Amino acid sequence: LSVSNYNDLYPSWDDGNLNYIPKDDVYIKLVRAKEYWDEIIKSAHGSAEPGIIFEDNHHNYSPDGVYPQFKGVTTNPCGEIFMQAYDACRLIAVNLLSFVNNPFTSEAEFDIKKFYEVNYEAMRLSDDLIDLELERINRILEKIKNDNEPAEVKAREFKLWKKVRDTAMASRRTGLGFTALGDTLAALGYKYDSEEALLFTEQFMHVKMESEFDCTIDLAILRGTFEGWEDSKEYHFHTEDPLNKFYEFLGDNFNDQVIRMSKYGRRNVSWNTVAPTGTVSLLTQTTSGLEPIFQPFYIRRKKVNKGERVDFVDELGVEWQEFPVLHEQFKNWVMLNMKTDNSTVIENLSKEDLQKLFEYSPWYGSTANDIDWKKRVEIQGIIQKYITHSISSTINLPNSVTEEEVSEIYLHSWKMGLKGVTVYRDGSRSGVLVSDDKPKLVTFNENHAPKRPKSLPCKIVRFNNNYEKWIAFVGMMDNKPY
């Protein structure tokens, strides 16, 4: 509709509330919000995309939200750092499992004092990381200066890197996080979505924030504040602007630190996050980030040598042996409970025996597909309260979940204060995590082609390659492309 037609149909458009001045070259497209929402949910259910960013939560529950120059405009693809232009993710992760004494026993306990101390030092290292970055950027700028190209050729690249450097120096934005929450809860004997797990999560996240807050204030005393720090922006009680909810939370829960920060400022405009930690968790051999365990073990196959056990023969007659790949902490639990140090004994167990052991383990009922999604969102909501940036996480769901349930998850996530949410329904995308407890779809998966005959029937395909006309001949065998 043109604006003039729109005003004819909907006189309330120009009732003075919207202060909109129609122009002849402006057009309005009406979208029914519910229909648009339903399309989003349908797509998320069918293909795990799109996730949603709750931009209002980002701005109203972030320490940088009160600073126009640092206010977030977008996020990296994983979603854990919402930031202004030219800034960067600087990620460090603390392994929560390393603070559990006597894991997987009745004497298991989390060393909260040590956790405070290590996380405090990790916060200092996070700030050091910015200085390392600045050193490298200055080298890049120096190289550009000394390059032989004309100044007008180098200008754009030099300007870009200078903006990156100046932004890093000004904001000193960091992303201190953690990994291994799923294994840590299991090591303490808590089911992932239990009330005990939620209580423990609240406790350690409070200490995490306390250590980081203390450190960034101490660093401000030693090294100076981030550029533009202003107490009145953060605690503007006597202005008409609404109080930023994040600072309201700090005032209610960290009063001592708030008093110190009002006097000395802080070093970093925003400082923590929960990143995916995928590769990091492969190194630590733990669950990643705040995620629950996906599977405790799965079965792989290898081609057998002569004389070895044969478990499977494929359609081409190739012989394979099956063996389990165990999650490292599940293996540790099995070894502890089997009273053996010989891991080869565990890896020789059958899938059935491993499943029986798993049903006695602390992960049982706590896999990604088992847990109550409302509790899953609640755990993320608890963690988000103590996170200055955001959380990179996917809520894994069974294949049977409905579109209505996905809609409930997205709405509940917003109500719980999450800054973003992504779901993955089992089987909704090929090549992503797939459980092994249901029949596989029949797909074309040839990987050992028979020897090519001297002649084959073919299909002729005519197509344009840009503006060129092409013909392709596709050899066919059993109605499949050879």
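Author: What follows goes through the salt bridges one by one, then turns to the sheet and a few local details.

The model is a predicted one. The count of salt bridges in it comes to 30.

One of them is formed by Arg 260 and Asp 214, with the closest N and O atoms 3.9 Å apart. The cut-off for a salt bridge is 4 Å, so a pair at this distance still falls within the rule. Arg 260 sits in helix H10 (residues 255-264) and Asp 214 in helix H7 (residues 195-223); the two are 46 residues apart, and the pair links distant parts of the chain. Arg 260 has a relative accessible area of 26% and is partly exposed. Asp 214 has a relative accessible area of 11% and is buried.

Another salt bridge joins Arg 266 to Glu 234, and here the closest N and O atoms are 2.8 Å apart. Arg 266 belongs to the loop between H10 and helix H11 (278-284), while Glu 234 belongs to helix H8 (residues 231-234), so the pair ties together parts that are 32 residues apart in sequence. Arg 266 is buried, its relative accessible area being 0%. Glu 234 is likewise buried, with a relative accessible area of 0%.

A further salt bridge is made by the side chains of Glu 322 and Arg 301, at 3.2 Å from N to O. This pair also links distant parts of the chain: Glu 322 is in strand E10 (residues 319-326) and Arg 301 in strand E8 (residues 297-303), 21 residues apart. Glu 322 counts as partly exposed, at 29% relative accessibility. Arg 301 counts as partly exposed too, at 42% relative accessibility. Elsewhere, salt bridges with shared partners join Glu 121, Arg 124, Asp 127, Asp 128, Asp 131, Arg 172, Arg 223 and Arg 267 into one network.

The strands that carry Glu 322 and Arg 301 belong to an open sheet of three strands, ordered E8-E10-E9, with antiparallel pairing. E8 and strand E9 (312-313) are the edge strands, and each pairs on one side only. Between E9 and E10 the antiparallel pairing runs over two bridges. Phe 312 is placed opposite Trp 320 of E10. Helix H14 (residues 351-358) packs on the sheet and touches E8 and E10; the direction of H14 makes about 160° with that of E8.

Two local details remain. In helix H12 (residues 328-338), the buried residues include Gln 329, Phe 330, Lys 331, Trp 333, Val 334 and Met 335. Lys 339 follows H12 and has a positive phi, near 55°.

The other detail concerns Asn 244, which is located in the loop between H8 and helix H9 (245-253). Asn 244 counts as buried, at 6% relative accessibility. A polar atom of the Asn 244 side chain lies 3.4 Å from the backbone oxygen of His 59.

Conventions
Residues are numbered from 1 along each chain as its sequence is written. This is a predicted model: local features need pLDDT of at least 70, side-chain atom pairs count only at pLDDT 80 or more; totals for chains, interfaces and linings use all residues. Side-chain values use heavy atoms; hydrogens and water are left out. Buried means under 20% relative accessible area, exposed over 50%, partly exposed in between (1.4 Å probe, protein chains only). Helices (H or I, at least four residues) and strands (E, at least two) are DSSP runs, numbered from the N terminus. Two strands pair if DSSP finds at least two bridges between them. Contact means heavy atoms within 4.5 Å. Axes are lines fitted to C-alpha atoms, for helices over the stretch in contact, and angles run from 0 to 180 degrees between N-to-C directions. A polar contact is a pair of N or O atoms within 3.5 Å; within protein, one must be able to donate a hydrogen and the other to accept it, and residues adjacent in sequence count only if both atoms are side-chain atoms.
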